[in-house]
Amino acid sequence: MADAHAPAKNPFHGRSVVSADDFGRDDVLYLLDAARAFERHGLPAAHPPHAEPQRGRVLGLLFFEPSTRTRLSFESAMLRLGGSCLGFADAKMSSTVKGETLADTIRVTASYCDAVVLRHPMEGAARLAAQVAGIPVINGGDGSNQHPTQTFLDLYTIRKATGRLDGLKIGFMGDLRYGRTVHSLASMLLHFDVELRFVGPESLRLPEELRETIRRAGRLGAEVQTLEDVGPVDVLYVTRIQKERFPDPLDYEKVKSAYRIDRAAVDRFGPALKILHPLPRVNEVDPDVDTHPGALYFEQARNGVTVRMALLDRIFSGAGP
Amino acid sequence: VTRPNDFRLQQGTVVDHLPVGTAVRALELLGLPRQGPVTVGINVPSARMGRKDIVRVEGLVLRKEELDRLALLGNQITVNIVRGGEVAQKVVLEVPPRLVGILRCPNPTCVTNHERVPTIFDRQGAYPHRFKCLFCERVTAGS
């Protein structure tokens, strides 16, 4: 692809993946290149076919909060690498209900695995886990804070579809204030030569810290309240506006239809537009957008397996390239 | 009129150039008075600051962690360590780049408010600093 880079050394070897902020441009590009090797005909697959590069490894899936796609895509990734998974998908299944601390749960379960994926409702849970586990910890979402593998797969999807990460105009629409996928992706994109544009209701504007960081980096394009005003974008990243963010349900009703895209809305950007959404969608992307050639959200979900295969493989594999 | 400088310390610590209104907070942070006579000056004239607060403690030498806590109260707070009636050492306090176990995270859903783990905050920018929680990544003013 267009990016010239490729560090020779594997920056993920034995490393925890807690926050997208812990990784720089070269790390990301290394991972995205590695992920390409785990894709055959657009589908996640080990290379060569039927190879099991991580046979005998065990991945712990410690999900203290419900998750379908993150948990299943990690499981799929590990199984496709020839490894196995164990864990729980509900805090009620863990010793937490007996009053065990998170740190102790992590210490114990870590002794059964080679790495763990943790999803937890408390922000910072993955950082704490990484301190005590003694094995790599992958953050599968810590409250409203970070979900770094989502960011990696978003970047992979954008690069795969456009052939590059530099030189893009990327629009974000929806919940800019609380959407952790928006925050992580926007922060990570600052490592690239991009222009970021934002569409959302006044009450769900970007957090001031992040907005200031983007502005200082010279990457802040438009900040508007309607999609018509956003100007040209190569990529539109849509997120769900959650009802619980609004103290007054009437306010939610007002914005929910305003931040919904249909085929007519996206057609105005031309056929080259790429549309991403971290899913699940509720009503913010009309199903008639699904046939748009740039509607990438289901492929984005599939890329989650590819990118997580690459990440697990690089974590478990040697420090070489 | 008795000026603060009339109380000569023989052995102890002077915390000088505290912003006006922070002397009581400084006493709280240091758990004073836990020993020795403590002299507090509030809204004292200062050549550098116009007005300042000052705390003097007989017989007390502050620990690093206590200095780190004090540093959060203002910019360029000065600590004089006095021995034999003379200033033996003068330290201009600076907030360290990383604060361990000093601040409490204001985010109620931060893991540090639920597990027994020392908080870790990284200093950001120039004074007035902001502090980023290493765990939940929220940025706070730290006051």
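Colleague: Where does Gln76(B) lie?

Modeller: Gln76(B) sits in the loop between helix 2 and strand 4 (78-83) of chain B. Keep in mind that this is a predicted model.

Colleague: And why is Gln76(B) called partly exposed?

Modeller: The relative accessible area of Gln76(B) is 41%. Buried would need under 20% and exposed over 50%, so a value in between counts as partly exposed. Gln76(B) also has a positive phi, near 60 degrees, and it's a residue other than glycine. Most residues other than glycine have a negative phi.

Colleague: What about Leu279(A): buried or exposed?

Modeller: Leu279(A) counts as buried, because its relative accessibility is 13% and the cut-off is under 20%. Leu279(A) isn't a glycine, yet its phi is positive, about 60 degrees. You'll find Leu279(A) in the loop between strand 11 (274-276) and helix 10 (297-316) of chain A.

Colleague: What does the side chain of Asp68(B) make a polar contact with?

Modeller: With the side chain of Lys64(B), at 2.7 Å. The limit for a polar contact is 3.5 Å. Setting aside neighbours within four places in sequence, Asp68(B) is also in contact with Pro96(B), Leu99(B) and Ile102(B).

Colleague: Over to helix 1 of chain B. Why do you say its buried residues line one face?

Modeller: The buried residues of helix 1 (residues 23-30) of chain B are Ala23(B), Ala26(B), Leu27(B) and Leu30(B). Looking down the axis of helix 1 of chain B, those buried residues fall within an arc of 100 degrees, so they line one face. As background, an α-helix has 3.6 residues a turn, so residues three or four places apart point the same way.

Colleague: What covers the buried residues of helix 1 of chain B?

Modeller: The cover includes strand 1 (11-18), strand 2 (38-46), strand 3 (50-58) and helix 2 (64-71) of chain B. Just after helix 1 of chain B comes Gly31(B), with a positive phi of about 65 degrees.

Colleague: Which residues does a cis peptide bond join, with omega about -5 degrees?

Modeller: Leu32(B) and Pro33(B) are joined that way, and Pro33(B) is in the loop between helix 1 and strand 2 of chain B. Tyr127(B) and Pro128(B) are also joined by a cis peptide bond, with omega about -5 degrees. Pro128(B) is in the loop between strand 7 and strand 8 of chain B.

Colleague: Now the two chains. What makes Asp21(A) and Lys132(B) a salt bridge?

Modeller: The closest N and O atoms of Asp21(A) and Lys132(B) are 3.4 Å apart. The cut-off is 4 Å, so the pair qualifies. Between chain B and chain A the count is four salt bridges. On the side of chain B that touches chain A, strand 7 (120-124) and strand 8 (130-133) of chain B are the elements that give two or more residues.

Colleague: How many residues does the contact take from chain B and chain A?

Modeller: There are 17 residues from chain B and 17 residues from chain A. Between them, the chains bury about 1,300 Å², 46% of it on carbon and sulfur atoms. Glu115(B), Phe135(B) and Glu137(B) supply 41% of the area that chain B buries against chain A, more than any other three residues.

Definitions and conventions
Residues numbered from 1 in each chain as written. Chains lettered and ligands numbered in written order. Predicted model: local features only at pLDDT ≥ 70, side-chain atom pairs only at ≥ 80, totals over all residues. Heavy atoms only, no water. Contact = heavy atoms within 4.5 Å. Buried area = accessible area lost by both parts, 1.4 Å probe. Salt bridge = Lys/Arg side-chain N within 4 Å of Asp/Glu carboxyl O. Helix = DSSP H or I, 4+ residues; strand = E, 2+ residues; numbered from the N terminus. Buried < 20%, exposed > 50% of the residue type's maximum accessible area, 1.4 Å probe, protein only. Arc of directions from axis to C-beta. Polar contact = N/O pair within 3.5 Å; in protein donor to acceptor, adjacent residues only side chain to side chain.
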